[in-house]
Amino acid sequence: VLEYTAIEQEEIEVLLPDEDVIPLPELEEELPQPSLLTADSPELLFGPPSPTRAMEQRDAAFFSEGIIGAGTDNHLIGDIALFKRGESPLYQFRFSHEGIDGYGSNPPGSGYFDRREQLSGSLELSSPGHLLRSEAEYIENEIGLQDFSEAVSVVKRMIKGQGEYVHDLSTNFELDTVVEARRASQIISAQQESREVYLRSGAGLDYDRRLWGLRLGGEYSYHEASSGETIHAGIVDLSARLRGRSFDLDAEAGLRWDGVVDFLPVWNLAFEGVLGQSWTYKLAARYFSRSVLDYDLWELYPLLGLRRSVVPHRGLNLAGGISYNWSDRLQLKTDLTWLDEKGSPVPVDLDARDDETGLFPFEQIEETGIKVDTGLHFYLNDELHLSAQWRGRFLSSSEHLTPEHSFGMDLRYDDPERKLGLLLSGEYQLNPISELPLMGIEFRYQVSSGITMVLSGVDLLEPLYEEGRPWWGEYQRRGMHLTLSTEVSL
């Protein structure tokens, strides 16, 4: 907690040279723009914990953002967000809709469609020594089953709520508690319904000494899977952190129990540091155990069905990464992970859908392999930015939910005044192989302050396929479509 007292002000007379003889430096406003090249491994390689203590408040301010658009293949987009920053209370509310009906050359109403609605909100209340945060989310995904005789579509509904309370017991001690509830359901043409319920509660005591700290925590969870199985799980762990001038060290050890594995030691060790002005590195190792939720999988893969059995996902991971930054013009990053896991979720067969549901059941298996994630950013000048990425998987014979290898490249241009922008993107996949790469284009023009027109084209090479771009089994992906949208920020 930062304490301060008012300082008595005194009038000070400052003598400046006559006329404008002090030249002002020219400031460059260009900053590296975020991209999709960030390595996706937050569960293993973690950095300093997010701050939970009171922070300096800004003047209260209300903001709103929105997107509205329409395009070919009956593509409709709507997204509006309202949020407040500054003094407590802080909140954010958002509603979004996106839908498309008629992939490629398929007519509307033929089962080649998808839609997604999302409603979310968050609220934060704070006072000296107290912090209360809550958030809720509702997501509904519907996707057509494309010439499936037994049903027209499948709907996935997901509801989540979470609350967190943080109390500063003293200058160095902090108590935190959290509760969470999730519910996911799968409905096939309003006939077959499967559901999942997940409840979680936890508490922790944190001791912070700025450069080092300790935390003792515990958690309990209840999982009623869509298959009908019920699993109770709990964990108690002790974590420590050390912050140096050029490194961060995090360590954690605990004991987890559930209905499948009675007691299982879990641990996590991560070390991150910098070398000179240009190099950063990280090393990590962990043995983990966690629940696999249909909620998380259905949100990402709406064609995924039910699992055959429920087991925890657990195993050993060893990881390392290195990045290089040269004069803010060239950025290279590589992450390598070796894994030996049990309970990894994989589809049973991606070549053919289930005859009764039209979906793809999944199972949890043992798996060993290596994952690599490499990215490159190159800023040719202040206007032109080139980025490339490769994500791959080796020594794994299982069929996964994502391609075995994915190669992507983006070329972005922004004029000096940031009114005009152009983005060219491409991606090529192996196993399953993309016969033709995924090509896209986006053109942006700022009409006035806070209003931007965007014209985008997705999968421009899809018309070269005779029967649409193939996806899982008998399914097709979205075809080529053009969309004109307006982005508003007030």
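**Notebook: strand pairing, salt bridges and rings**

I began with Leu386, whose bridge partner in β19 is Leu411. This is a predicted model, and I read every entry below with that in mind.

**Entry 1. Strands β17, β18 and β19.**
I looked up the neighbours of β18 next. β18 pairs with strand β19, residues 405-414, in the antiparallel sense. I noted nine bridges between them. Then I turned to β17. β17 and β18 also run antiparallel, with 10 bridges. A hairpin of four residues connects β17 to β18. Across this pairing, I found His377 opposite Ser387 of β18.

Which residue forms a salt bridge with Arg391? I found Asp373, with the closest N and O atoms 3.0 Å apart. Arg391 belongs to strand β18, residues 384-394, and Asp373 to strand β17, residues 360-379. The two are 18 residues apart, and I logged the pair as a link between distant parts of the chain. I then checked accessibility. Asp373 has a relative accessible area of 11%, so I put it down as buried. Arg391 comes out at 33%, so I put it down as partly exposed.

**Entry 2. Asp176 and Arg215.**
I moved on to another bridge. The side chains of Asp176 and Arg215 meet at 2.7 Å, N to O. Asp176 sits in strand β7, residues 173-188, while Arg215 sits in strand β9, residues 212-224. They are 39 residues apart, so this pair also links distant parts of the chain. Is Asp176 buried or exposed? I have it as buried, because its relative accessible area is 12%, under the 20% cut-off. Arg215, at 26%, is partly exposed.

**Entry 3. Glu164 and Arg133.**
I also checked Glu164. Its salt bridge is with Arg133, and the closest N and O atoms are 3.1 Å apart. Glu164 is in strand β6, residues 153-168, and Arg133 is in strand β5, residues 130-144, so the bridge ties together parts that are 31 residues apart in sequence. I noted Arg133 as partly exposed, at 24% relative accessible area.

**Entry 4. Salt-bridge total and a network.**
How many salt bridges does the count come to? I wrote down 28. Some of them share partners. Arg115, Glu117, Glu140, Glu142 and Arg157 are joined this way into one network.

**Entry 5. Aromatic rings.**
The structure holds 14 aromatic pairs. I picked Trp471 and Trp472. Their ring centres are 6.1 Å apart and their planes are at 40°, so I recorded the pair as tilted. Trp472 is buried, with a relative accessible area of 10%. Trp471 is partly exposed, with 32%. Both residues belong to one aromatic cluster, together with Tyr301, Phe360 and Tyr475.

**Entry 6. Charges over rings.**
Which charged residue sits over the ring of Tyr475? I found the charged end of Arg353, 4.8 Å from the ring centre. Arg182 lies over the face of Tyr295, 4.9 Å from the ring centre.

Note on methods
Residues numbered from 1 in each chain as written. Predicted model: local features only at pLDDT ≥ 70, side-chain atom pairs only at ≥ 80, totals over all residues. Heavy atoms only, no water. Salt bridge = Lys/Arg side-chain N within 4 Å of Asp/Glu carboxyl O. Buried < 20%, exposed > 50% of the residue type's maximum accessible area, 1.4 Å probe, protein only. Pairing = 2+ DSSP bridges. Phe/Tyr/Trp six-rings, centres within 6.5 Å; stacked < 30°, edge-to-face > 60°. Lys NZ or Arg CZ within 6 Å of the ring centre and 35° of its normal.
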